[in-house]
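Here's a quick tour of a protein model for you. Have a look at the picture, then read on.

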Amino acid sequence: MNEQSPEKKSGWRGSEDLWLNAAYDLLIEKGVDAVKVLPLAQTLGLSRTSFYGHFDSREALLAALVTRWRDKNTGNLIGQTRAYAETITEAVFNIFDCWLRPDLFDARLDHAIRNWALGDPALRAILEGNDADRIDAIAAMFERFGYTAEDARIRAFTIYYTQVGYVSMMVQEDTQVRVDRMPNYIEVFTGRSPTASEVERFRARHLPPAGQARRRRGGD
């Protein structure tokens, strides 16, 4: 049996991130109704009063979860639309980095927020605002590469709603398979084919060397 540390015995309250990470885990696994102070305290082995040393209320904790989601998923996605790219195909590959790197875009958190918003009109409005901001950023990216405003918006809808479908349906797809398909998605989304060097750079970011070698041999 593990003994409690001296800090915990003497009233250690944890940290804000510790409570927030535990709340995140409950939100992902069981939904927002499970994110309550007592279960969190029991999970962490801390007292309920310790929670209030970091958050004024459960509502403040939930607001912090929404902020984490917005800053990470919306913030990083918009950042990727503005990342350096010489071509539109390279620019869309930058967006695709989000779909393959949980440190850039947390699909599980996005799914949990969307489920939560079904029963929370205030959060639904926030979600719709974030969706609009993401779509606007993708459309602006296309416009920078010479697409008309109308064409850019339709292409932005196509990219974004495809990914929302992945998130909402909780699609489980092998990374190698998804990376192999992405050059074809690029052609569908942009009307242009990525160059071989763009494909290789993208693959190098997301696949181990063995996977890259198999692709070059045509073995996938």
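This is a predicted model: local features need pLDDT of at least 70, side-chain atom pairs count only at pLDDT 80 or more; totals for chains, interfaces and linings use all residues.

On the H6 side, Ile88, Thr89, Val92, Phe93, Phe96, Trp99 and Leu100 make the contact, and on the H10 side their partners are Thr175, Arg178, Val179, Met182, Pro183, Tyr185, Ile186, Phe189 and Thr190. Sort that contact by class and you get 12 nonpolar residues, three polar ones and one charged one.

## How they cross

To trace the pair yourself, follow residues 88-100 for H6 and residues 175-190 for H10. Their axes sit 10 Å apart, and the packing angle is about 140°.

Why do H6 and H10 count as oblique to each other? Roughly antiparallel would take an angle over 145 degrees, and theirs is about 140°, so the two helices are oblique. As for handedness, the crossing of H6 past H10 is right-handed.

## Zooming out

Now for the whole chain. What is its secondary structure made of? It comes to 12 helices and zero strands, so if you read the elements from the N terminus on, you just keep saying "α": α-α-α-α-α-α-α-α-α-α-α-α.

Contacts across the sequence are worth a look too. Take those between residues at least 6 apart in sequence: 66% of them join residues at least 24 apart.

The chain has 220 residues, and 43% of them count as buried.

Terms used. Residues are numbered from 1 along each chain as its sequence is written. Side-chain values use heavy atoms; hydrogens and water are left out. Axes are lines fitted to C-alpha atoms, for helices over the stretch in contact, and angles run from 0 to 180 degrees between N-to-C directions. Helices (H or I, at least four residues) and strands (E, at least two) are DSSP runs, numbered from the N terminus. Angles under 35 degrees count as roughly parallel, over 145 as roughly antiparallel, 65 to 115 as roughly perpendicular and the rest as oblique. A crossing is left-handed if the near helix is turned anticlockwise from the far one by less than a right angle, and right-handed if clockwise. Contact means heavy atoms within 4.5 Å. Ala, Val, Leu, Ile, Met, Phe, Trp, Tyr, Cys and Pro count as nonpolar, Asp, Glu, Lys and Arg as charged, and the others, Gly among them, as polar. Buried means under 20% relative accessible area, exposed over 50%, partly exposed in between (1.4 Å probe, protein chains only).
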